Amino acid sequence: MIKTAFRLAFVCMSFLFVNFSQAQEVQIELGPDEIGLNETFTIKVTLSNDKIKSYDQFPEIQGFQKQGISQSSSMNIINGQMSSSNSIIQYYKPTRKGQFTLGNFSVLINGESFSSPGKKITVGDAVSTQGLGGNAADPFADFFGRNAEEPEYVELDDDAFFSVSVDKKEIFAGEGFNLNLAFYMSEQNQAPFQFYEPGKQLDAVLKKLKPNNAWEENFNITNIEPEVVEINGKRWIRYKVYEASFFPFSEGTIEIPRVPWEMIKYKVAKNPTFFGANRQEDFKTFYSNPQTITVKPLPPHPLKNEVSVGVFQLRENISTLEVETGQGFDYNFGINGVGNINSVSAPKRMPGANLNTFDPNVRQQINRGYGRVSGIKEFNYFITINEAGEYELDDHFNWIYFDPVRAVYDTLMPQAKIVVSGESKVNEALSGQRLGGIYDKIDTESNQFANEQYKYYFMTAINLLLLGAVALLAVLIIKKK
C-alpha cells in the first residue's frame, strides 16, 4: 500500500515536466433540477488544458442569493497521456421554495464568451442530508481513505488599505497638485487579494474626485504594477490605479470626498488539499480619507490673470551672434521647468526700431512622472536687423511668471547680444513694406462704378445741364445784337 501511494505521488508530480498538446475545451455544468431549501445550486465552468486567467460575473438567479466562488483543478494520466482541467464554481443559496428559471446566459472566460441554455430549478422543503451539488471536494479524498466533505473556509486578517492622497494641502491659483489613488498591502500581509473591475470602479470614483475648475494632466496608468514604498519606517507594496496633476484656474477650496474601493478577498480553506478548492472568493470594501486643498489668490500685479505659475528657467538658442544688415537669423526662446506647460504663452515683444520679427513657430514637450508635470515650450523667431550696431535682446523680449516656491513674480530675459555690421537697409525695408490704406486695395478693388444703376441718370443730368448752358448762351447773344 505504501509503495502504491509513493508511485501515485510520483505520477502526480511528474505532470509538471511533461509537454502536452490537447485541444482546449470549456464546459458549463449546471446543478440539479431539484434541490432542498437548505441545499445549494451551482454553476461550474471547467476549462481543459489551460489555466483560467480571467472570468466575468456569473448570472443572477431570481429566488437565489450568490454565496461566493471557489476554484479547483484536476489532472488525469491515461495510457501515458496527461490532461488537466481548471474549474470555477459559483454557489447559489435559495431564499424561498418554488420553481425558478435560469435563462440562457454567457460567461466570459479568458476573454472568450461561452453560453449556456439555462434550466428550470425547483426548490422544495429542506432535506436532512446536504447534497453534493454545492460542495467542492477533493477528488482524491475517497482514494486515500478520506470521506468527501465540504471544506471549511476562514478569513485571514489583512494589513491593507486604499488611499487617495495629495502632495500639497495649500497652493496658489494656477499651481499644480498631484492626486494619487493606490491600494497598499504590507509586506507581511497574508490575506490574498485580487482587483475587482478596476476600470469600472475607477470611472465611478473619478466622477466624485475630479475638481471641475482645473486643468488635468493625466499620467495615463494602463497597467497596475506593484512597487515597494516605505511609510513611517514600514515597507508596503503599492498598486497605483490613477495619478494626475491638477492646476486650479481660480482661488477657493477643493474638497476631495471619501470614496469606496472594492477588492476580491479570498477566504482560505482551513484544511487545504492538493487538488481541492483551497480558497473561496469574497469581497471587501475599503474607504479612503477625505482631503481638503486650499487655493490662494496670486498677489496683486497688472498681469495677475495672465501669467503662468510654476518654477521656470530660460533656455535660449541662437544661430549666430554676428550678422550683416538685412540678414535673417533664428532665435529660440525656450521656457523650461515645472508647471502647466500648456498654459505658457509667448514672450512679450517690446517695440523697437530696426529689429523685425515674424510670428514664432511653437514646439512643446510635456513630461509626467515622479509626481509632477514638467517640460519645455519653445518659441522660434526669425529676426532681421536693418541698421548696424549692437543689439541686446533683453530690450526686445521678456516673459513674466509667478514662482509659487518663492511667492514672487519674476521675469525671464535673454542674455544674447547681436553685433550687426554693414550698410543701412532702412530705406529698403521701408520700400518693401506695405503702404497701407488705399494702396493696399489697388490690385484687389474693381475699377467699375460701384452703382451702375445710377450711370444713366447721371449722364442724362449732365447732358441737360450742357443743353441749358448752350440755350442760355444763345439768348444772351441774341439780346446783345
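1. A quick word on terms before we start: two strands pair if DSSP finds at least two bridges between them. Please also keep in mind that this is a predicted model.

2. Three strands make up an open sheet, ordered β2-β9-β6, and their pairing is mixed. At the edges sit β2 (34-36) and β6 (98-102), each of which pairs on one side only. On average, neighbouring strands here are turned by 30° against each other, direction ignored.

3. Within that sheet, have a look at β6 and its partner. Strand β9 (residues 119-124) runs antiparallel to β6, and five bridges join the two. For a handy pair to display, Thr 101 stands opposite Lys 120 in β9. As background, strands of a sheet pair through backbone hydrogen bonds, either parallel or antiparallel.

4. Next comes β11, which covers residues 160-166. This strand is mostly covered, with five of its seven residues buried. Its link to β13 (residues 177-186) consists of seven bridges, and the two strands run antiparallel. Here Val 164 stands opposite Leu 181 in β13.

5. Leaving out residues up to four places away in sequence, Tyr 287 touches Phe 162, Arg 258, Val 259 and Pro 260. Phe 162 lies 125 residues from Tyr 287 along the chain, yet their C-alpha atoms are separated by 6.2 Å.

How values were computed:
Residues are numbered from 1 along each chain as its sequence is written. This is a predicted model: local features need pLDDT of at least 70, side-chain atom pairs count only at pLDDT 80 or more; totals for chains, interfaces and linings use all residues. Side-chain values use heavy atoms; hydrogens and water are left out. Helices (H or I, at least four residues) and strands (E, at least two) are DSSP runs, numbered from the N terminus. Axes are lines fitted to C-alpha atoms, for helices over the stretch in contact, and angles run from 0 to 180 degrees between N-to-C directions. Buried means under 20% relative accessible area, exposed over 50%, partly exposed in between (1.4 Å probe, protein chains only). Contact means heavy atoms within 4.5 Å.
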